[in-house]
Amino acid sequence: MSAQNVPAPDSGTRNTDAQHAGTRNPDAQHPDAQNPDAPGITVIGLGQMGSALADAFLTAGHRTTVWNRTPGKADSLVARGAVRAASVAEAVEASGLVVVCVLDYPAVRGLLAPVAGSLRGRVLVNLTSGSPEQARAEAEWAAEHGVGYLDGAVMTTPPGVGDSANMFLYSGSPELLAAHRATLAVLGDPVDLGPDAGLASLYDAGLLGLMWSVFGGWLHATALAGADGVPARDFTAVATRWLKTVSWFMTTYAEQIDEGKYPGDDATIDVQVATIGHLLHAAEARGVDNRLPELHLELMRAAVAAGHGGDSYARIIENFRK
């Protein structure tokens, strides 16, 4: 999750797990183990996430140049073969592909605007967290200065960088992503969201909201089961299997949302209003906070009151759109 980009270039310490991730290839710890055919990379910003990004490039054998406002943050990476740049300008000039991961978009602009001339003709991959509007503005700035631009979102925490099972979302030029896909794939699975530079940030915000909602529902359910002595690990083993079925429901509902039609072929909102009552009763009897499912009930009742009780649960998206 690109929310993990939060550490500023001169703040925080590197995650221990991310440090150990670099030991997967012992030979990559030495400068002479670098792949001479691998393109050079520059990483600007060495908070927890930035350090993990640089670590993954080093592990893959890339000549990696790093810069951080506090130079000492680069020590462990330099010991493994990274080149410490003395300035942002030097870091940018070292590579054709520049990856930046700092606190926020104003920090990105503050670092790169003074070296815009050096960036011309290079490719900038911005993995800093921000809003879709900020990403689009940054893409416009890059285009004005002759800089290739990809905006990205990291859908994992620092220890997960380098694992192809984890997604890195990219938006901007599909041609640039295609040209650099092999290089960026060492970080995680590159997912192309298309030419709108704001989409990576938009997806990131939505997916984080989905994550927190799932966490909330899981914690409520785990508290409910735990009140009767069920260990969290036992309940979760069943819950994760159930989520696979839920994902099938979501795929079906997505088609209904795009069509604007919500047939209650599987379970109507009327039926689900009755069913959620069992959850509320069981939780109340066990002293479990019911505010989260009560919100769902409120949304369901609003749909029923509007005459949509016979529709599918997907109809409730209209409540959010208001």
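**Notes on the predicted model**

1. Start with helix α9. It lies across β6 and β7 and runs at about 140° to β7. The model is predicted, so please read every value here as computed from it. α9 has 28 residues. From its first C-alpha to its last it reaches 39 Å, close to the 40 Å expected at 1.5 Å a residue.

2. Which residues of α9 are buried? They are Leu199, Ala200, Ser201, Asp204, Leu208, His220, Thr222, Leu224 and Ala225.

3. Now the overall make-up. The protein has 13 helices and eight strands. Of its 322 residues, 43% count as buried. Take the contacts with a separation of 6 or more: residues 24 or more positions apart account for 68% of them.

4. What is the strand order in the sheet? Reading across, it is β3-β2-β1-β4-β5-β6-β7-β8. The sheet is open, has eight strands and shows mixed pairing. β3 (83-84) and β8 are the edge strands, and each pairs on one side only.

5. In β6, Gly148, Leu150, Gly152 and Val154 point one way. Tyr149, Asp151 and Ala153 point the other way. Both sets are buried.

6. Leu124 has Tyr149 as its bridge partner in β6. Strand β7 (residues 167-172) runs antiparallel to β6, with five bridges between them. Here Leu150 has Gly172 as its bridge partner in β7.

7. β5, helix α7 (residues 132-144) and β6 make a β-α-β unit. The unit is right-handed.

8. Elsewhere in the sheet, look at β1 and β4. Strand β1 (residues 41-44) pairs with strand β4 (residues 97-100) in the parallel sense, over four bridges. Ile44 has Val100 as its bridge partner in β4.

9. Is Gly50 buried or exposed? Its relative accessible area is 2%, under the 20% cut-off, so Gly50 is buried. Leaving out residues up to four places away in sequence, Gly50 touches Val43, Gly45 and Cys101. Gly50 and Val99 are 49 residues apart in sequence, yet their C-alpha atoms are 8.8 Å apart in space.

10. On to charged pairs. Side chains of opposite charge can pair when their charged atoms come close. How many salt bridges are there? The count comes to eight. One of them joins Asp196 and Arg136, with the closest N and O atoms 2.9 Å apart. Asp196 lies in the loop between β8 (189-192) and α9 (199-226), and Arg136 lies in helix α7, so the pair ties together parts that are 60 residues apart in sequence. Asp196 counts as partly exposed, at 29% relative accessibility. Arg136 also counts as partly exposed, at 30%.

11. Compare the pair Asp311 and Arg315. Their side chains meet in a salt bridge, 2.9 Å from N to O. Are these two residues buried or exposed? Asp311 counts as buried, at 17% relative accessibility. Arg315 counts as buried too, at 18%. Buried means under 20%, so both values fall within that class.

12. Last, a salt bridge within one helix. Glu318 forms a salt bridge with Arg321, and the closest N and O atoms are 3.1 Å apart. Both residues sit in helix α13 (residues 317-321). They are three residues apart, so about one helical turn separates them. Glu318 is partly exposed, with a relative accessible area of 24%.

Methods: Residues numbered from 1 in each chain as written. Predicted model: local features only at pLDDT ≥ 70, side-chain atom pairs only at ≥ 80, totals over all residues. Heavy atoms only, no water. Buried < 20%, exposed > 50% of the residue type's maximum accessible area, 1.4 Å probe, protein only. Helix = DSSP H or I, 4+ residues; strand = E, 2+ residues; numbered from the N terminus. Pairing = 2+ DSSP bridges. Right-handed = clockwise from strand over helix to strand, strands pointing away. Salt bridge = Lys/Arg side-chain N within 4 Å of Asp/Glu carboxyl O. Contact = heavy atoms within 4.5 Å. Axes fitted to C-alpha atoms, helices over the stretch in contact; angles between N-to-C directions. Expected span 1.5 Å × (residues − 1).
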